[in-house]
Amino acid sequence: MRDPILLTPGPLTTSLATKTAMLHDWGSWDSSFNALTAKVRQRLVAIIAGDNAGDSAYTCVPLQGSGTFAVEAAIGTLLPPDGKLLCLVNGAYGKRIAQMTAMMKRQVTSIDFGESAPVDPAQVAAALASDPLITHVAIVYCETSTGILNPLADIADVVAAAGKKLIIDAMSAFGALPLFAREMQFDAVIASANKCLEGVPGLGFVVVKTAALEQAQGYAHSLSLDLYQQWRYMEQTGQWRYTPPTHVVAALDAALDQYEAEGGQAARLARYSANCACLIAGLKRLGLESFLPEDIQAPIIVTVKAPAHPNWDFKVFYELTKARGVVLYPGKLTTAETFRVGCIGAISQPEMQLALDVICGALGEMGIPCLSTAATFTNVEEVSQ
Ligand SMILES: Cc1ncc(COP(=O)(O)O)c(C=O)c1O
């Protein structure tokens, strides 16, 4: 029996090769582990800032912990104590950035675009023009709480034109959605191992302009979340400050091998887009509606409106779908009853088709009518690894 398929925003289903890479123990001082860290850092920079950006223009600073730790480290280190952050919010992760910045007692202002509209570059331009104290802007590329795709390139243009610095939370986008230093200006991009790169959880990282980091000595509000010190120590010793997530680094290196073999960003985007299209078409056939219009839907995670039926109960639905081999995700909206289905991970269309069958079967068992799927995979074992 394989594990249930995780159709979630991460941790997500990983390949056998990625899992197998964790079968070794590594000493944190060991030169081979240091070499592995250096290689992974370089590979992560190359994904967005290879070629034209110049080798040393950007560096990658990995950090122990989940993605939020890396976001908090990036904001706390790159925003000067007398700086001011404009936070562009259209979901829970944008709100979280504003919240953590306020907790650091740094100046922060937000524009909230609601939960179903993308960030509007014109409003960003107006806000920057009206508040000269703003030094930095934070944006979430794919707002995973709904799956909404923000117009990153347009926002980067507006921020650059105003002479401000851009920090991008690309947690659920890095490696799949287009994001290249040769095409847009930004100071830092934050992501983690366990989303579109298909590694396992335990580390986040920041790909950051080396020059921005060099200026950031002494800015951090926290010892362990000081990105500058983490970088200096790594550069000087080749080692991590504090205990490294050794197995997670090894798994990420293996996941990056597979990423390159698949064809890099373009191939990953194509696979996730096909997963998403299959899912959305299938949901329609079942009579279920996705929350977002397709033109602002990122091919990462789909928010589905819960059936308007008295028997609907997400917890019951979750257990029934899990028993059939598919793990779904609760909604994260404050305004509507929803659930979410991820399109990312080591999965492709057979898994999406299985998910549709499983959703239909679970709803049927709950006494909630749905139309049937076109093709049926009744058994998780029939789905290819
Ligand atoms: C866009 C975005 N930012 C931040 C986070 C927080 O990451 P973590 O849950 O790993 O702390 C997530 C998690 O899904 C995310 O999708």
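Here is a short walk through this structure, from its overall form to a few individual residues.

What you see is a predicted model. How does the radius of gyration fit with a compact globule? For 385 residues, a compact globule would have a value near 21 Å, and the protein chain has 21 Å, so the two agree.

Next, look at how the chain is divided. Domain 1 covers residues 16-261, and domain 2 covers residues 264-384. Taken over C-alpha atoms, the centres of the two domains are 29 Å apart.

Now turn to the place where the domains touch. There, 26 residues of domain 1 are in contact with 23 residues of domain 2. Between them the two domains bury about 2000 Å², and carbon and sulfur atoms account for 59% of that area. Which residues of domain 1 lose the most area to domain 2? They are E115, T146 and E198, which together make up 28% of what the domain 1 side buries.

Polar links also cross this interface. The rule finds twelve residue pairs in polar contact between domain 1 and domain 2.

You can find E198 in the loop between β9 (188-192) and β10 (203-209). Its backbone stands out too: most residues other than glycine have a negative phi, whereas phi of E198 is near 65°, a positive value.

Salt bridges can be followed through the rest of the model too, where the count by this rule comes to 14. One of them pairs E235 with R41, whose closest N and O atoms are 2.8 Å apart. This pair links distant parts of the chain: E235 belongs to helix α8 (residues 227-237) and R41 to helix α2 (residues 31-49), and the two residues are 194 residues apart.

For a last stop, go back towards the start of the chain. Which form does the peptide bond from G10 to P11 take, cis or trans? Most peptide bonds are trans, but the one from G10 to P11 is cis, with omega near 5°. P11 itself sits in the loop between β1 (5-6) and α1 (16-20).

Methods. Residues are numbered from 1 along each chain as its sequence is written. This is a predicted model: local features need pLDDT of at least 70, side-chain atom pairs count only at pLDDT 80 or more; totals for chains, interfaces and linings use all residues. Side-chain values use heavy atoms; hydrogens and water are left out. Domain bounds come from an automatic or database domain assignment. Contact means heavy atoms within 4.5 Å. Buried area is the accessible area (1.4 Å probe) that two parts lose on being put together, summed over both. A polar contact is a pair of N or O atoms within 3.5 Å; within protein, one must be able to donate a hydrogen and the other to accept it, and residues adjacent in sequence count only if both atoms are side-chain atoms. The radius of gyration is taken over C-alpha atoms; the globule rule is 2.2 Å times the number of residues to the power 0.38. Helices (H or I, at least four residues) and strands (E, at least two) are DSSP runs, numbered from the N terminus. A salt bridge is a side-chain nitrogen of Lys or Arg within 4 Å of a carboxyl oxygen of Asp or Glu.
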